[in-house]
Amino acid sequence: MDTQTDTQKDFGPADDHGDDFIRLDGVEKVFDVRKKTGFMRSERRQVRAVDSISFAVARGEMVGYIGPNGAGKSTTIKMLTGILTPSGGRLRVAGIDPSRERTRLAHRIGVVFGQRTTLWWDLPLIDSYRLMHRMYRIPDARYAENLDRCVELLELAELLDVPVRQLSLGQRMRGDIAAALLHDPEVLYLDEPTIGLDVISKAKVREFLRHLNAEQGTTVLLTTHDLTDIEQLCRRVMVIDHGRLMYDGPLTGLHEIGESERTLVVDLERELPPIEVESARVVKVEGPRQWLAFPAAQSAAPLVARIAAAYPLVDLSVREPDIEAVISRMYAEKATS
Ligand SMILES: Nc1ncnc2c1ncn2[C@@H]1O[C@H](COP(=O)(O)OP(=O)(O)OP(=O)(O)O)[C@@H](O)[C@H]1O
Ligand SMILES: [Mg+2]
């Protein structure tokens, strides 16, 4: 599908790739980190936060970008805004190389970092919006219209005169989302927009994003630890783990992967006939070591308890293909949140 040739590497019409609004080809980000290894000693180490990622997002799509802590999600978003420069690969948003033309791109994108506000902490909410009006040189009528719409849909009317520092987390998040949209961006990146919010605030944010995507046609890339966000908003989801893209497809496919099998590796005191235990089956025996397959969605603990009660158990471990590790961890996080 990729007909990119070396001669097309620089700017030009070939960069827009038709409908691909966002496009990454083998994008990498390597961080140099210094790690203290002793008194006055440190070691330089490289962290490959994003490892050769390729994907494309069409205009108007709403895509979930998920994965465990440290997977590389925020790093990807920062490269998509131009805050970080990729160490390798090729990245375009609306045909623009974000790190080279960050300011030009800023007029076309909106970004919300759930963990950090872009609002002026000590000023009333409305003052931040007025500053953005000027900063982005938003035409007056356009600004008024966008502000009205956001105030109505995000229920901000009562909050406009309140200093940001006095807002609750949910109120501030809604305020931040409005701030990201005043200049009519074509794409909105959201890095954990529902983090720490209660059920009602989460529902409000989701409802707003659904509306934004459906009515305004805004392209949305959403990072979250809350799978309900994805279930309710995104038909397409990408899973990243250790900087690598592990899955890109419909949410339903993700459920199927989550429903496949994990393997319990058991070391017994001695060689024994295949273990017989409920809800697992032996798939391999090698001396005192046995491999048992069991449903990925099922907890390993009761299985281990049953085996330990009936067999001389020495050691054990659970193995899962990477993608399943990601999914089961995500589901575990969901269950405990
Ligand atoms: N500025 C930096 N310098 C060095 N290492 C970094 C830097 N930013 C991120 N990293 C490392 O890159 C990896 C990916 O981090 P990133 O913040 O992208 O993860 P994430 O998927 O957003 O995780 P989380 O779910 O916790 O937000 C981590 O190992 C992190 O420690
Ligand atoms: Mg992050």
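A polar contact is a pair of N or O atoms within 3.5 Å; within protein, one atom must be able to donate a hydrogen and the other to accept it, and residues adjacent in sequence count only if both atoms are side-chain atoms. The structure is a predicted model, in which local features need pLDDT of at least 70 and side-chain atom pairs count only at pLDDT 80 or more, while totals for chains, interfaces and linings use all residues. Residues are numbered from 1 along each chain as its sequence is written, chains are lettered from A and ligands numbered from 1 in the order in which they are written, and side-chain values use heavy atoms, with hydrogens and water left out.

The chain has 10 helices and 13 strands. Helices (H or I, at least four residues) and strands (E, at least two) are DSSP runs, numbered from the N terminus. Of its 337 residues, 46% count as buried, where buried means under 20% relative accessible area, exposed over 50% and partly exposed in between (1.4 Å probe, protein chains only). Contact means heavy atoms within 4.5 Å. Among contacts between residues at least 6 apart in sequence, 67% join residues at least 24 apart.

His133 shows how polar contacts look here. His133 lies in helix α3, residues 125-135, and is buried at 17% relative accessibility. A polar atom of the His133 side chain lies 3.0 Å from the backbone oxygen of Ile138. The side chain of His133 also makes a polar contact of 2.9 Å with the side chain of Asp140. Leaving aside neighbours within four places in sequence, His133 is in contact with Ile138, Pro139, Asp140 and Tyr143.

Next come the strands. Strands of a sheet pair through backbone hydrogen bonds, either parallel or antiparallel. Here, two strands pair if DSSP finds at least two bridges between them. Strand β1 (residues 20-38) and strand β2 (residues 41-58) run antiparallel and are joined by 14 bridges. Val27 stands opposite Ile53 of β2. The hairpin of β1 and β2 has 2 residues between the strands, and Met40 takes a positive phi near 60° there.

An open sheet of 4 strands has the order β11-β12-β10-β13, with antiparallel pairing. β11 (281-286) and β13 (313-319) stand at the edges with a single partner strand each, so one side of each has no neighbour in the sheet. Neighbouring strands of this sheet are turned by 20° against each other on average, direction ignored; axes are lines fitted to C-alpha atoms, for helices over the stretch in contact, and angles run from 0 to 180 degrees between N-to-C directions. β11 pairs with β12 (residues 289-295) in the antiparallel sense over 5 bridges, and the bridge partner of Arg281 in β12 is Ala293. Helix α9 (residues 301-310) packs on the sheet, touching β10 (261-268), β12 and β13, and its direction makes about 25° with that of β10.

Leu197 lies in the loop between β6 (187-191) and α6 (199-216). At 8% relative accessibility, Leu197 is buried. Not counting residues up to four places away in sequence, Leu197 touches Leu169, Gly170, Met173, Lys202 and Val205. Leu169 is 28 residues from Leu197 along the chain, yet their C-alpha atoms are separated by 6.8 Å.

Cysteines complete the account. Cys150 is buried, with a relative accessible area of 1%, and Cys234 is buried at 4%. With a disulfide taken as a pair of cysteine sulfur atoms within 2.5 Å, the count comes to 0 disulfides.
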